[in-house]
Amino acid sequence: MRASDLARYARVHRAGPILAGAVVVAVLSAVFGGVRVALPSIGGEDLATGVPYRRELPLLSAVFLTAAFGGPMAAHEETGACALYRLRNAYCAGLTLLACALSFGTEAFAVGPGQGAVFVRSVLIWLGLALLSIRLLGQQLGWVIPLASALLLVWYPSGWWDWTANSPSDVLSWWGAGIVLAGGTAATAVTPWRGRALRRGRPPARRGTASRLADRSHLISTRTPAE
């Protein structure tokens with residue numbers, strides 16, 4: 001994998017706008033995160049107390065990150081060879097790390113390192129749920145499952161399950177982040193052709209030379225005219 005291939009892949013898959021969106025969310029959390037929005041709660045929390053905005057804002061960053069899986073060539077890329085998948089995984093991992101670093105730095109500067117860690121943990125959990133939502137409902141509906149989980153946290157707040165309110169050192173919440181993110185990542189790997197192969201009881205075949213050439217042609221097609 002060459003750095004130039006990764007750079008072209010990032011340019012085509014909206015790296016700039018995605019990171020810009022994550023920065024905007026982090027800044028909004030730093031400036032307005034302490035403002036409490038009054039929402040109905042079944043869990044008994046006082047309505048006047050409300051929920052701080054910074055508890056729910058990481059959901060937006062997570063959904064922004066899933067835009068990396070979209071694009072006009074998304075369906076074609078799902079049939080790609082291992083080289084293309086390695087490229088996509090490297091890009092998505094690097095993009096997530098950058099977004100989390102920017103979010104942590106902004107939140108830590110505004111509130112403190114502990115709240116920065118909580119913010120990153122929420123991003124990772126909602127990212128895993130968004131990836132699962134994409135696989136189950138489609139690319140345009142990656143926000144559905146994260147939003148449903150956010151509503152549950154609003155209605156039943158401040159329990160052991162509320163990762164947005166638990167302390168930065170809460171082990172259970174971090175384990176949950178790892179499990180949910182791993183599940184979402186695995187869900188994105190189950191492409192339609194791999195799913196059909198698994199249902200037939202045999203492992204997916206390795207993609208042949210033609211597919212590898214198609215992957216290479218896709219990478220070449222992302223070059224700008226100046227290149």
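**Where to start**

In which helix is Leu98 found? Leu98 is found in helix H6, where helices (H or I, at least four residues) and strands (E, at least two) are DSSP runs numbered from the N terminus. This is a predicted model, in which local features need pLDDT of at least 70 and side-chain atom pairs count only at pLDDT 80 or more, while totals for chains, interfaces and linings use all residues. Residues are numbered from 1 along each chain as its sequence is written, and side-chain values use heavy atoms, with hydrogens and water left out.

**The chain as a whole**

The protein chain has 11 helices and two strands. Read from the N terminus, its elements follow the order α-α-β-β-α-α-α-α-α-α-α-α-α. Of the 227 residues in the protein chain, 40% are buried; buried means under 20% relative accessible area, exposed means over 50%, and partly exposed lies in between (1.4 Å probe, protein chains only).

Contacts are worth a look too, a contact being heavy atoms within 4.5 Å. Among contacts in the protein chain with a separation of 6 or more, 73% join residues 24 or more positions apart.

Setting aside residues up to four places away in sequence, Ala99 touches Leu19, Ala22 and Leu65.

**H2 against H4**

Some of those partners turn up again where helix H2 (residues 15-32) packs with helix H4 (residues 58-65). Their axes are 9 Å apart, at an angle of about 180°; axes are lines fitted to C-alpha atoms, for helices over the stretch in contact, and angles run from 0 to 180 degrees between N-to-C directions. H2 and H4 are therefore roughly antiparallel to each other. For reference, angles under 35 degrees count as roughly parallel, over 145 as roughly antiparallel, 65 to 115 as roughly perpendicular and the rest as oblique. On the H2 side the contact is made by Ile18, Gly21, Ala22 and Val25, and on the H4 side by Leu60, Ser61, Phe64 and Leu65.

How many salt bridges does a search of the whole structure find? The search finds one, with a salt bridge taken as a side-chain nitrogen of Lys or Arg within 4 Å of a carboxyl oxygen of Asp or Glu. The side chains involved are those of Glu107 and Arg54, at 2.5 Å, N to O. This pair links distant parts of the chain, with Glu107 in helix H6 (residues 82-110) and Arg54 in helix H3 (residues 53-56), 53 residues apart. Both ends are buried: Glu107 has 1% relative accessibility, and Arg54 has 12%.

A disulfide is a pair of cysteine sulfur atoms within 2.5 Å, and by this rule the count is zero. Cys92 is buried, at a relative accessible area of 12%, and Cys100 is buried as well, at 11%.

Helix H7 (residues 113-137) has 25 residues, which at 1.5 Å a residue should span 36 Å; the expected span is 1.5 Å times one less than the number of residues. Its end C-alpha atoms are 35 Å apart, in agreement with that. H7 is mostly covered, with 18 of its 25 residues buried. Gly138 follows H7 and has a positive phi, near 115°.

H7 packs with helix H8 (residues 144-155) at an angle of about 130°, their axes being 7 Å apart. That makes H7 oblique to H8. Trp126, Leu129, Ala130, Leu132, Ser133, Leu136 and Leu137 in H7 meet Val144, Ile145, Pro146, Ser149, Ala150 and Leu153 in H8.

Finally, Ser173 is found in helix H9 (residues 171-189) and counts as buried, at 5% relative accessibility. Apart from neighbours within four places in sequence, Ser173 is in contact with Arg121, Ile125, Trp163 and Asn166.
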